[in-house]
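Here is a short briefing for a reader new to this structure. Look over the chain first, then follow the points by topic.

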Amino acid sequence: IMAVNRQVTRHSYRVFTGLYRLLSRSSSVSMVQKVLVRPPQDVPGAERQAEFSRAGIGGFFQERPMLKNPFLEDTLLQGYLKRHLPNEAVYSDLRVFGERLVREVDGWGRECEVTPPRLVTYDPWGCRVDRIVTSPAWQRMKDLSAQEGLVAIGYERRYGEWSRVYQMCKLYLYSPSSGLYTCPLAMTDGAAKVIQSLGVSWPVADAFSRLTSRDPEHFWTSGQWMTERRGGSDVGNGTETVALPQSDGTYRLSGFKWFTSATDADMTLTLARVTDIDGQTTSGSRGLSMFYAAVRDEQGMVQGIEVQRLKDKLGTRQMPTAELLLDGLPAHRLSEEGRGVACIANMLTVTRIHNSVSAVAGMRRVLQLARDYATRRSAFGKLLRDHPLHMQTLARMEVETRGAFLLVMEVCRLIGREETGHASQQETHLLRLLTPVAKLYTGKQAVAVISEGLESFGGQGYIEDTGLPAMLRDAQVLSIWEGTTNVLSLDVLRCVSRSSGLVLQAYFTHTQSLLAAASLPSLSVAVRSVDRALSGLREFLQAAALKPPGFIELAARDLAYSLARIYMGALLIDHASWEGASHSDAYAALRWCEQDLCPVVSKAAIGCYNMKTPPLDAALVYEESTRD
C-alpha cells in the first residue's frame, strides 16, 4: 500500500509540475504566483509554504459585440434612400442620429429595461395619487422624440410624399435602442392621424399641435385604450365602457380598461357607448363612439382614473401597461355617434406600420451585432466568420431582413402617397391589402430571426445582462399587438371581400409590373420563380371562389403568407434591377426565391383545407384520455 501511495504521489507531482510549467509560459504567471503563493505574514520565522488565498479566473475574456453607427452599417437602407430619396439633408440627419444612438441613446434604452416603471398608489399621507414612476431615461426618450421629430416629420411633410419614408427610416434606426419608447410614439402618431382625418378643430387642436411638436416642453404622447376584459380585437362585442352626456356637451366615461399601453401618456383615445336619457346603450360596433380625454388635470393629477395595477409582462417591461378603472373621466366625443370603429381604421394603419418597422428594426439590429461578434469570437481554431455554416446562417437571416425591409418601406411609400394626394386607386388598394400582410408577416419573421440571432452568440445570448434576451422577449409582442396573425389573416379576407376583389387585382397588376421591369439575365431564375408562384396563386383563388366559405377561411393564414412572400420576392428583384444595385442585392433576390413562395398552393395540394379537417383538428387538440 505504501508503494502505491508513493507512486500516486510521484504521478500527481509530475501532473501539477507540468501544469505549473505550462502556466509559467504565460505573461500573467508572475501575478498569479504573487496572489496564490505567499508565506504566512503573521507567524515570525515561519517556513514559506503554498497557501490558497483566492481563485484565479484565467486570462481570457471574450470581447463583446460592438454597436456601430446603425445607419452607416446598413447598406440596404443607404441604397434604398439613394434610389428613392437622394437628399443630402436626410442622409446627414440619419448619419448624425446614428452616432447619437451609439453614443448615448442605446445606454438609455438599457436603463429603461433595468429600471422598469412602478406604481405609487398613495402618497405618504394616505391620499390616492395613482402615479406611475418611470426611469429618468424614459423621460429623456420623450424629449429626444420631440427634438428629433420622430412624429413631427410625418406631418411637416418637408419631403412631400417621401416624408413618411424618411420618418419611418429614422424610427427604424431608433427602435432597437429606444427602450420601447417607439410604442407610445406609434400610438401618438396614430392619434394624430385620427385627429387629422376628422379635422383639426376644437377641442383637439391644441392636442394635435402637441402630438406633432418638436418642442420637448410642448410635446405630448397619446395612449390607446381600446382593450377591455372581454377584449382583444373584438372591440364591437367586448367594449363595456359607457359615456354619460353632460350639459356642456362633454361626457363622463365609466368602465374598465384591461390593457392600456403607455399609461403615463398625456392624453388618450378610447371607445365607449353613449347612454341615452334612460341610461341604455346600443350593443355591437354600431354603439361605439371615439372619445378624446386628457389624462391629467392642470395640477398634474389623474382625473376620473384609478390605476388598478401594472401588468407583469413577458417583454416590453420598459413601458408601463396598466389596468384602469374609469370613474367619471372627462372626455370629448370625436367621431359621429356610433362611428367609433370606423375611426379606428386610420389609427390601425399607422400603428400597424409602426409595428412592422419595429419588427424589421429588431431583425437588423441583432444581425448587426451577430456579424460584429463573428469577427471577435473564435471557435475550433478560427473566427466564426470563417466557418461556412455560420456564414450561411447569418446570410439566411440577412435575406429575411432585406425582404422585410423592402416590404415595410413599400407600405410607407404608399401611405406617403395617399396622405399627399398622389396615390392612384391601385396604390390605395395596395395600401389597404399590404398593411395587414406586412404586419402579420414581419411580426413572425422578427421572432424567428431574433431567436436565431441569439443562438449565434451561444450561451451569452441567453444571459440577461448582455441585453440580448430582452430583444427576443420584446419581439414576441409584435405578432400580438394590433391584431394577432390569425386576426390579421381574416382581415385580409375582409379586405378582399369589401373591395369586390379590387385589392387583389391591384396586387397582381403591380407585382407583374415589377417583374416585367427586371431585365438582368442573372435574375431570370428568381423572376421565373415569382412569376410561377403568382400564377399558382391566381389559379388557387379562382378555384377557392367555387368552394364553400369555410375553405378560404382555413386557408387565410397561408394565403397571407403567400401574398407576402411573392410580393417580397418581386420587391427584391426590383431593387436588384436598379442601376445602383450591388451584386449582393441580386444574390439576396435569388436566395429569397429558393423557398416556397406560395405555401397556400402547396398546402391545398395535400388537402389541408378540406372541410373535413376542422372537426378532426378539434378532436386532435381536445383528445380525451381513454384510460380508467
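Start with a helix pair: α13 (residues 425-455) packs against α15 (residues 485-498) at an angle of about 160 degrees, with the axes 9 Å apart. Angles over 145 degrees count as roughly antiparallel, and α13 and α15 are therefore roughly antiparallel to each other. The model is predicted.

**The α13 and α15 contact**

- The crossing of α13 past α15 is left-handed.
- On the α13 side, the contact is made by R432, L433, P436, V437, K439, L440 and K444.
- On the α15 side, the partners are T485, L488, S489, D491, V492 and C495.
- By type, the residues in the contact of α13 with α15 are seven nonpolar, two polar and four charged.

**The α11 and α12 contact**

- Helix α11 spans residues 340-373 and helix α12 spans residues 388-419.
- They pack at about 155 degrees, and their axes are 9 Å apart.
- That angle makes α11 roughly antiparallel to α12.
- The α11 and α12 crossing is left-handed.
- From α11, the contact takes in T349, V350, I353, S356, V357, V360, M363, R364, V366, L367, A370 and R371.
- From α12, it takes in L394, M397, E398, E400, T401, R402, A404, F405, V408, V411, C412 and I415.
- The residues of the α11 contact with α12 divide into 16 nonpolar, three polar and five charged.

**The α17 and α19 contact**

- Helix α17 covers residues 524-544, and helix α19 covers residues 556-577.
- Their axes come within 10 Å and cross at roughly 150 degrees.
- α17 and α19 are therefore roughly antiparallel to each other.
- α17 crosses α19 in a left-handed sense.
- A526, V527, V530, A533, L534, L537 and L541 are the α17 residues in the contact.
- They meet L559, S562, L563, I566, G569, A570 and I573 of α19.
- How many charged residues does the contact of α17 with α19 hold? There are no charged residues there, with 12 nonpolar and two polar.

**Annotated domains**

- An unreviewed UniProt entry lists residues 68-197 as "domain: Adaptive response protein AidB N-terminal".
- The unreviewed UniProt entry gives "domain: Acyl-CoA oxidase/dehydrogenase middle" for residues 224-327.
- Residues 224-327 are 4% helix and 43% strand, with end C-alpha atoms 17 Å apart.
- The unreviewed UniProt entry gives "domain: Acyl-CoA dehydrogenase 11-like C-terminal" for residues 503-622.
- Residues 503-622 are 74% helix and 0% strand, with end C-alpha atoms 38 Å apart.

**Aromatic pairs**

- The structure holds 16 aromatic pairs.
- One of them joins Y251 and F291: the ring centres are 5.2 Å apart and the planes are at 75 degrees, so the pair is edge-to-face.
- Which parts of the chain does this pair link? Y251 is in strand β5 (residues 251-261) and F291 is in strand β7 (residues 288-294).
- These are distant parts of the chain, as the two residues are 40 residues apart.

**Backbone exceptions**

- Most residues other than glycine have a negative phi, and most peptide bonds are trans.
- The peptide bond from W202 to P203 is cis, with omega near 10 degrees.
- Where is P203? P203 is in the loop between α8 (182-198) and α9 (205-211).
- T316 is not a glycine, yet T316 has a positive phi of about 45 degrees.
- T316 is placed in the loop between β8 (305-310) and β9 (321-333).

Definitions and conventions. Residues are numbered from 1 along each chain as its sequence is written. This is a predicted model: local features need pLDDT of at least 70, side-chain atom pairs count only at pLDDT 80 or more; totals for chains, interfaces and linings use all residues. Side-chain values use heavy atoms; hydrogens and water are left out. UniProt positions are given in the numbering used here, feature names are shortened, and annotations may be inferred rather than shown by experiment. Axes are lines fitted to C-alpha atoms, for helices over the stretch in contact, and angles run from 0 to 180 degrees between N-to-C directions. Angles under 35 degrees count as roughly parallel, over 145 as roughly antiparallel, 65 to 115 as roughly perpendicular and the rest as oblique. A crossing is left-handed if the near helix is turned anticlockwise from the far one by less than a right angle, and right-handed if clockwise. Contact means heavy atoms within 4.5 Å. Ala, Val, Leu, Ile, Met, Phe, Trp, Tyr, Cys and Pro count as nonpolar, Asp, Glu, Lys and Arg as charged, and the others, Gly among them, as polar. Rings of Phe, Tyr and Trp (its six-membered ring) pair if their centres lie within 6.5 Å; planes under 30 degrees apart count as stacked, over 60 as edge-to-face and the rest as tilted.
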